[in-house]
Every structure is written in structure tokens, then in C-alpha cells.
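Please read them with the sequence and the coordinates open.

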Amino acid sequence: LDQLATGISDLVKKRVVLPQLFKKIKMIRENYTYLEQTTIDRDTQGVAKCAKGFTSLTKEELGIQRVNYVKLKDTADLCRDYIEDYDFVEGRYNTLLNDSIAFKVDFDLLLGTDTTLSMKSINSVSSEFSSINPDALIGPNIPLANFADLLLGMACQIDVLGKLNSFMANVAIVNKMDWYTKIETSKDLNGNYLDPRLSRVDGNWYVGDLLVIPHVDVPVNTCYVLDTTRGAILDRQEIALRKSEENGTNFVDEFITLMVTVKLQFLVLNNDANAFMKCSDINLGISSIKLH
């Protein structure tokens, strides 16, 4: 967790942070192919000393999975006269397009719809939080439950439900206004801040050991908790900026078309999907864990 926080300590102060949460895997062709466990049986048993005839049913079956990348693109036309008259113009447009596509990557990584034109996303792979999950029952058992309790409860469920895959939730992504109103500014009647589990280290917010990223694209009253080690960015082509006059009547009109593209995909193995959890109604989620 310390290494993760160090790697993004300067990034959480900016808007585009989510791609830096995940490792990158180079994608060398149109499809990324991997083997994944489809069924598993484990049959470790205790045996008597010197016993004979031991048999085990332990086995696994594997299937081939194929993942395609998504291509994102943006363009802008720029008058050659402006480029020649003002040195800063082309640089500003380069920045404009790079920011445009970086913001789109950030948005799609969070909320993409997993289609040919939109990335798989944290939202699309996340399961919905349930406080009454019989395998990791949380509510209604928490006195005076609050938003921090909900985040830590979701992390606890990920850890418990993913024990065979050794999941360990390390990041929460929350709506920036929800974070400000429900946690950052919460005080008692004497004006004292409420939650001793809340801390800030090197510009990063934590609830307990959970790194919290307030993000403007998270829908209001929604939050995500995840184990970032279980996701990866498939990198087919990093952001590439090109320019050309060969676009329609650009040559005779003396315009240059700037184009920026990126090819990538968010990878979460099917067996690791439970390392991602969302709560689509924070208020209801808090109520569901509160001891009434």
C-alpha cells in the first residue's frame, strides 16, 4: 500500500488519476489471449499415519479468453496562418487534444459500458454491495454507522469473499462532494472532527488503511471499493498525436488537422471480478449496516 500511495501521491491532486492505479500489460496484437480457470476442485484431507489408498479429487479446468482493445480518437482543425503567426498556438492545441483523450480514458476506466466503442470499467465489473450476504454478513450490526463504516465494510467483504484468491481491498473511489459533505467536514456538536480513522498522508486521504480517491466523475451517492492489483491496463498503443494537411480541402484552405488516438482496454480476469465492489446508494448502504 505504501508503494501504491507513493506512486500516485502527486496524481491525486489532479483530475486524471485512475489509469495510474493499475499495472500496464503490453498488447502486441488485436486480441489479448490468456488461459483462465473455469472450474476448480480442492480436496486436501487429513490422513492417518501409514494409511494406504489415498485418493484426491483436486483438479481444475482451463478455458481460453480473448479480449479486444478499444480505440479512442479526437481531432481538431488549425489554421496554418495562426501557427505561423503565433508560436504558442500549436502547442496549446496539442495540450487540448491530449487532455481531451486523457479525460476520456479516465472516464471510461471508471464508467465505460464494455462495448466495442467503450472500455470495460470499474463500474461494469463491480458487484453490488449487500450487507446481508450470508458469507460475509455485516448488517445491521454497526452502531451509529457512517460513510467510513460503509467503505471499510465493503473492503472487509472483498477480503472475506475473496479469501481463496487472496483479495485485499486497498482503494476506494468516491464522489468528491459526497466525500466532502459526509466525511471530510463531519463534526460533533462541539465542532470536533468525528472520525479518528480519517488521515491524510502526503496529500492522500485514507480511511484506516484504505486509500480514498475523491473523483468528480463518480455519480452522487455512489462509491467503489477495489483491490487494484486485480486489474490491469492493456496497452496496444499509447496516446499518439499526428498532424496532416491531407484531409478534405485542408491543403487549399491552409488548415492542418491534428489527431490524437489511443488503443487500450481494462482487463479484469473473470475469477478476479469479486475484487471490485460498488454501492449504488450510499445512504441505503449505511442504513443497511446500522444497528437500529
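1. Salt bridges overall. Nine salt bridges turn up in a search of the whole structure. A salt bridge here is a side-chain nitrogen of Lys or Arg within 4 Å of a carboxyl oxygen of Asp or Glu. Side chains of opposite charge can pair when their charged atoms come close.

2. Basis of the values. The model is predicted: local features need pLDDT of at least 70, side-chain atom pairs count only at pLDDT 80 or more, and totals for chains, interfaces and linings use all residues. Residues are numbered from 1 along each chain as its sequence is written, and side-chain values use heavy atoms, with hydrogens and water left out.

3. R230 and its two partners. R230 forms a salt bridge with D272, with 3.7 Å between the closest N and O atoms. R230 sits in the loop between strand 10 (223-226) and strand 11 (232-244), and D272 in the loop between strand 12 and strand 13 (276-279), so the pair ties together parts that are 42 residues apart in sequence. Helices (H or I, at least four residues) and strands (E, at least two) are DSSP runs, numbered from the N terminus. R230 also meets D227 in a salt bridge, at 3.9 Å from N to O. R230 is partly exposed at 23% relative accessibility, while D227 is buried at 2% and D272 is buried at 10%. Buried means under 20% relative accessible area, exposed over 50%, and partly exposed in between (1.4 Å probe, protein chains only).

4. Other salt bridges. D195 pairs with R197, the closest N and O atoms being 2.7 Å apart. D195 is buried, with a relative accessible area of 16%, and R197 is partly exposed, with 28%. A network of salt bridges links R80, E84 and E245.

5. A lysine to check. The place of a charge is taken as NZ of Lys, CZ of Arg, CG of Asp or CD of Glu. K263 belongs to strand 12 (residues 255-267). Leaving aside residues up to four places away in sequence, K263 touches Y69, V70, K71, L234, D235, R236 and Q237, where contact means heavy atoms within 4.5 Å.

6. Surface patches. D81, D85, D253 and E254 form a patch of negative charge on the surface. D85 is in helix 2 (residues 80-85) and counts as exposed, at 56% relative accessibility. A nonpolar patch on the surface consists of L35, L62 and I64, which together have about 320 Å² of accessible area; L62 is in strand 3 (residues 59-68). Patches are made of residues with over 30% relative accessible area and no salt bridge, like charges being joined within 9 Å and nonpolar side chains (Val, Leu, Ile, Met, Phe, Trp, Tyr) within 5 Å. Accessible areas come from the Shrake-Rupley method with a 1.4 Å probe; for residues, only the protein chains shown count as cover.

7. Backbone points. Most residues other than glycine have a negative phi, and most peptide bonds are trans.
   - The peptide bond from G139 to P140 is cis, with omega near -5°. P140 is in the loop between strand 5 and helix 5 (147-161).
   - L144 has a positive phi, near 50°, and is not a glycine. L144 is also in the loop between strand 5 and helix 5, and is exposed, with a relative accessible area of 77%.
   - E254, again not a glycine, has a positive phi of about 60°. E254 lies in the loop between helix 7 (250-253) and strand 12, is partly exposed at 40% relative accessible area, and is one of the residues in the negative patch.

8. S127 and N274 are 147 residues apart in sequence, with their C-alpha atoms 6.6 Å apart in space. S127 is in strand 5 (residues 127-128) and is partly exposed, with a relative accessible area of 26%. Not counting residues up to four places away in sequence, S127 touches N274, F276, M277 and K278.

Notes:
Lys and Arg count as positive and Asp and Glu as negative; His and the chain ends are not counted.
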